[in-house]
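Welcome! Have a look at it first, and then we can walk through a few places together.

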Amino acid sequence: MAPPIAVLDVDGTLVDTNYHHAIAWYRAFREHGLTLPVWRIHRHIGMGGDQLVDLIGEVQPFADARRLLELLGERGHRLVLASSGKRDEIDHYLDLLDARNLVEAWTTSADVEQTKPEPDLVHTAIEKVGGGEAVLVGDSTFDCEAAARAEVPSVAILTGGFSEQELRKAGAGSVFESLRQLCERLAETPLA
């Protein structure tokens, strides 16, 4: 039996962008005369960010992001990146991760009408690799909720700034501190 499709969120999961997104939104709101606390903005990062002006040049991959992709590929998982980012952002992240030869497909904002926490992105990602059983790896409650609505198990990483309790309540079956810890404990997840 083939291993499940690995549906991987990008922002906040493979690349360290969540706080960049929060600052970008803060600046955008300030330009329009609104001052919101950054911590409140952060609580919405992970939902679709269709109007985001990113600080993309400052973004770096998380330690072990590429290692996770390699491990999953070696284990026979079909890999698909599930992002609601714009095409140029996803292209940048694919290059940053040097992942074009590791993943079969990816999504962008152009692929769906509704973003997370709606399940559209998860469904579309799975369809892009031919369908089948899947597991989502994400960092936000919105990732886990989207997976649950798509009836797909989820594994969460604490890199998005959400607590283990929040992620589990949103549907995560497993929660890990880092990608390194996930790599070391893959056998304990639905990706086993």
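Which residue just after α3 takes a positive phi? That residue is Gly76, with a phi of about 90°. This is a predicted model, in which local features need pLDDT of at least 70 and side-chain atom pairs count only at pLDDT 80 or more, while totals for chains, interfaces and linings use all residues. Residues are numbered from 1 along each chain as its sequence is written, and side-chain values use heavy atoms, with hydrogens and water left out.

**Helix α3**
- Helices are DSSP runs of H or I with at least four residues, and strands are E runs of at least two, numbered from the N terminus.
- In α3 (residues 65–74), Ala65, Leu68, Leu69 and Leu72 are buried, meaning under 20% relative accessible area with a 1.4 Å probe, protein chains only.
- They cover an arc of only 100° around the axis, which puts them on the same side of α3; the arc is that of the directions from the helix axis to the C-beta atoms.
- The buried residues of α3 pack against β1 (5–9), β2 (79–82), α4 (87–97) and α8 (179–184).

**Around Leu68**
- Beyond its neighbours within four places in sequence, Leu68 is in contact (heavy atoms within 4.5 Å) with Leu8, Leu14, Leu179, Leu182, Cys183 and Leu186.

**Around Gly161**
- Gly161 sits in the loop between β5 and α7 (164–169).
- Gly161 and Asn18 are 143 residues apart in sequence, yet 8.2 Å apart in space, C-alpha to C-alpha.
- Leaving aside neighbours within four places in sequence, Gly161 contacts Tyr19, His42 and Arg43.

Terms used
Buried means under 20% relative accessible area, exposed over 50%, partly exposed in between (1.4 Å probe, protein chains only).
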